[in-house]
Amino acid sequence: MNTDSRCVRCGPVPPLHVPEHIGADIVASVVERITATGDPPVTPLWCPWPLPPGWTLTGVAYAGDDRTGVRATVVACAGPAPLGGGPADLVFVAEEPGVGLGTRLAGLTGPDPGPELVDALTDPGSGHPDHVGQAKIKVGGHPTPLWLVNSPTDRSAYAGEARGMWLHAIAWPASAGHLLAEDVVLHDLTEWTPPELVYGAPSPYLPGRA
């Protein structure tokens, strides 16, 4: 018997838990699950705060089990596209090396964005015309660069590092990546969940809803 969750391409992977709904009670239960082990480092649950004008929190999720603990977290939010033309979605993933959730959402191959980051740093190329070449945001109060990585043209995908873990930011449509060129600040919801958070319809970009 093998109790591991398995991906047909990647082999054993941590199971992904995606609540069907979103609200303050759901966020609180996910935070409780993330912090249940009490063993540092706790995987952060990065959320833009304050939210950009008109944006809402549309989903949270985590990957892991009772044996391994939480190894990856996801926050999804949605709002008006920064360049107009309709709605946009942003997903932020924090994960340990080797989990592969961020690369899956970004449409990349492999468990980590390392090879893509090497390419981005050595030969950035022209990229998709709707992409921002490099995003500079604040994560936990610290300026943190995110680099554009290769992805399908329906989205912008960025990767970097924060608190010793991979940090991914994926935006749909591709032009929504311009939001990351503005003053975006990511706050860890495991440290404090703002009561003023506004919740929207569940994100269609979080796979495996339970």
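Predicted model: local features only at pLDDT ≥ 70, side-chain atom pairs only at ≥ 80, totals over all residues.
User: In which order do the strands of the open sheet come?

Analyst: The general idea is that strands of a sheet pair through backbone hydrogen bonds, either parallel or antiparallel. Here ten strands form an open sheet with mixed pairing, and the order is S3-S5-S6-S7-S11-S10-S9-S8-S12-S4. Strand S3 (16–17) and strand S4 (46–48) are at the edges with a single partner strand each, so one side of each has no neighbour in the sheet. Helix H1 (residues 24–34) packs on this sheet, where it touches strand S5 (56–65) and strand S6 (69–80), and the direction of H1 makes about 30 degrees with that of S5.

User: Do strand S8 and strand S12 run parallel or antiparallel?

Analyst: Strand S8 (residues 134–139) and strand S12 (residues 185–188) run parallel and are joined by two bridges. As for individual residues, Lys-138 has Val-185 in S12 as its bridge partner.

User: Is Thr-43 buried or exposed, and which residues does it touch?

Analyst: Thr-43, which sits in the loop between H1 and S4, has a relative accessible area of 2%, and because buried means under 20%, Thr-43 counts as buried. Leaving aside residues up to four places away in sequence, Thr-43 touches Ile-34, Val-70, Arg-71, Ala-72, Thr-73, Ala-94, Met-165 and Thr-190. For Val-70 there is also a polar detail, in that a polar atom of the Thr-43 side chain lies 3.1 Å from the backbone oxygen of Val-70.

User: How many aromatic pairs are there, and how are the planes of Trp-172 and Tyr-205 set?

Analyst: The count comes to one aromatic pair. The ring centres of Trp-172 and Tyr-205 are 4.0 Å apart and the ring planes are at 10 degrees, so this pair is stacked. The pair links distant parts of the chain, since Trp-172 belongs to strand S11 (residues 165–172) and Tyr-205 to the segment after S12, 33 residues apart. As for accessibility, Trp-172 is buried with a relative accessible area of 5%, whereas Tyr-205, at 30% relative accessibility, counts as partly exposed.

User: Which backbone angles deserve a second look?

Analyst: The general idea is that most residues other than glycine have a negative phi, and most peptide bonds are trans. In this model the peptide bond from Trp-49 to Pro-50 is cis, with omega near 0 degrees, and Pro-50 is placed in the loop between S4 and S5. A cis peptide bond also joins Trp-172 and Pro-173, with omega about -10 degrees, and Pro-173 is placed in the loop between S11 and S12.

User: What is the phi of Arg-163, and where does Arg-163 lie?

Analyst: Arg-163 is not a glycine, yet its phi is positive, at about 55 degrees. Arg-163 lies in the loop between strand S10 (156–162) and S11, and at 44% relative accessibility Arg-163 counts as partly exposed.

Terms used: Residues numbered from 1 in each chain as written. Heavy atoms only, no water. Pairing = 2+ DSSP bridges. Helix = DSSP H or I, 4+ residues; strand = E, 2+ residues; numbered from the N terminus. Contact = heavy atoms within 4.5 Å. Axes fitted to C-alpha atoms, helices over the stretch in contact; angles between N-to-C directions. Buried < 20%, exposed > 50% of the residue type's maximum accessible area, 1.4 Å probe, protein only. Polar contact = N/O pair within 3.5 Å; in protein donor to acceptor, adjacent residues only side chain to side chain. Phe/Tyr/Trp six-rings, centres within 6.5 Å; stacked < 30°, edge-to-face > 60°.
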